[in-house]
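Welcome to this short tour! Please open the structure in your viewer and get ready to select a few places along the chain.

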Amino acid sequence: MFLWLALRSVDTAAMADALRDLRLEYVLLSCALYWLGLALRVGRWHALLTQLAPVTPRAVGETLLVGYAVNNVLPARLGELFRADYAKRRFGLSRAAVLGSIVIERAADLAAILCCLALGLGVSDLTGGAGQIDFARLLQVSCVVIALLIGVLLGLRASGHLRVGLPPVAHRLLCDLGSGLRSLNRGTLQHTALLTAAVWLAEVAALWAMLAALGLSLSTAEAMLVLSAASLSTLIPTAPGYLGTYQLVFSAALPALGLSATLGVLGSALIQVFLFGSVTLAGLVLYLARSMHNAHLTRNEALPSGTEYRPR
C-alpha cells in the first residue's frame with residue numbers, strides 16, 4: 001500500500017531521463033560515506049561490548065553486518081534479535097545483555113535523528129505551511145517517545161537493584177538486560193556520543209551524495225530533514241528493506257523542499273539498492289562463510305583422533 005501511494009504520482013519519463021544522466025561518481029561517494037558510517041558503528045558497539053567481555057573489532061564488525069543484513073531481509077527489525085543471538089554464539093554473552101547494548105545504540109541513534117530533524121526544521125525553508133506543521137508534529141511525537149524510552153531504560157538499567165516477585169528466569173533475564181544497559185557508563189558515554197554524531201554526519205553526507213547523483217541539490221539542513229524523516233519511518237514495522245515506506249517518505253519530504261517527488265522516489269530506491277543492498281550482500285556472505293566454517297569444525301571434531309577430513 002505504501003509503495004502504491006508513493007508511485008501513483010511518479011513521472012516514468014522523468015525517472016528514465018534521470019537514470020540516463022545518473023552521475024556514478026556521486027553514487028560511489030555515497031557508498032563510501034555510508035560504509036564509513038558503518039565502520040564508526042562498529043567502533044561504537046565494540047566500545048559498549050568490551051564493558052561486558054573481551055571482544056575483537058573484527059568479530060564485532062562481522063556480527064553487526066550480519067544483523068543489519070537480516071534486518072534488511074526480515075520485516076519489523078527482527079534482525080536486532082538475530083544480532084543478539086548471533087553475538088551470543090560468537091562471544092558467549094547472554095542474549096539479554098547483548099540486547100541491552102543494542103538498545104543503547106538505538107536510543108543514541110534516535111536522539112541523533114531528533115537532533116537532525118530539529119536542525120532541519122529550524123534552518124530549511126519548507127514550501128507550504130502544511131509541510132512545516134507535519135514535520136513539527138513528527139518532532140513533537142518523537143520527543144514524547146524518546147522521553148518515555150529514557151524512562152524505561154533507566155528503570156531497566158536499575159533492574160539489578162529491584163526486588164520484585166519475578167520468577168527466577170525472568171529475574172535473571174532482567175538482570176542481564178540491566179547489565180547490558182550499564183555498558184553505557186562514564187567511560188563510554190562521551191565515546192558513544194561522539195561516534196553517534198560522526199555516524200549520522202556520514203549518513204547525512206551519503207544521502208546528500210546519492211541525491212546529488214540525480215542532480216538534486218540539497219543543503220546540509222535539508223539532507224538532515226529528509227534523512228531524519230526517512231529514519232523515523234523505519235521504526236514502525238515495515239516490509240523487508242523498508243520497501244514502500246522509504247519511497248513514501250521521500251515522495252512527501254522532497255516536494256516540501258520544492259524538489260521533485262519523482263526524483264525523491266528514485267533516490268530512495270537507489271539508497272535501498274546501493275547502500276542497504278551492499279550491507280545485505282556483505283552480511284549474508286559473512287553469515288554463510290561462518291556457517292561453513294562451523295560446519296567444517298564440527299565434521300573434524302566428529303572424526304577419530306589422528307585422522308583428517310578430506311572431502312571427496
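To follow the first stop, you need one definition: the axis of a helix is a line fitted to its C-alpha atoms over the stretch in contact, and angles are taken between N-to-C directions. Keep in mind, too, that this is a predicted model.

**Stop 1: two helices**

Select residues 186-212, which form helix 9, and residues 220-233, which form helix 10. Their axes come within 9 Å and cross at roughly 100 degrees. Angles of 65 to 115 degrees count as roughly perpendicular, and helix 9 and helix 10 are therefore roughly perpendicular to each other.

Which residues make the contact? On helix 9, show Trp200, Glu203, Val204, Leu207 and Trp208. On helix 10, show Thr220, Ala223, Met224, Val226, Leu227 and Ser231. The residues of this contact comprise eight nonpolar, two polar and one charged.

**Stop 2: Leu110**

Now go to helix 6, residues 95-123, and pick out Leu110. Is Leu110 buried or exposed? Its relative accessible area is 9%, so Leu110 is buried.

**Stop 3: confidence**

Finally, colour the chain by pLDDT. The average is 83, and 78% of the residues score at least 70. Helix 3 (residues 24-49) has the highest mean, 97, while helix 7 (residues 129-157) has the lowest, 59. Select residues 129-133: the pLDDT there is below 50, and this stretch has three contacts beyond near neighbours in sequence. Residues 306-312 are also below 50, with five such contacts. Where pLDDT is low, predicted coordinates should not be read in detail.

Methods: Residues are numbered from 1 along each chain as its sequence is written. This is a predicted model: local features need pLDDT of at least 70, side-chain atom pairs count only at pLDDT 80 or more; totals for chains, interfaces and linings use all residues. Side-chain values use heavy atoms; hydrogens and water are left out. Axes are lines fitted to C-alpha atoms, for helices over the stretch in contact, and angles run from 0 to 180 degrees between N-to-C directions. Helices (H or I, at least four residues) and strands (E, at least two) are DSSP runs, numbered from the N terminus. Angles under 35 degrees count as roughly parallel, over 145 as roughly antiparallel, 65 to 115 as roughly perpendicular and the rest as oblique. Contact means heavy atoms within 4.5 Å. Ala, Val, Leu, Ile, Met, Phe, Trp, Tyr, Cys and Pro count as nonpolar, Asp, Glu, Lys and Arg as charged, and the others, Gly among them, as polar. pLDDT is the predictor's confidence in each residue, from 0 to 100. Buried means under 20% relative accessible area, exposed over 50%, partly exposed in between (1.4 Å probe, protein chains only).
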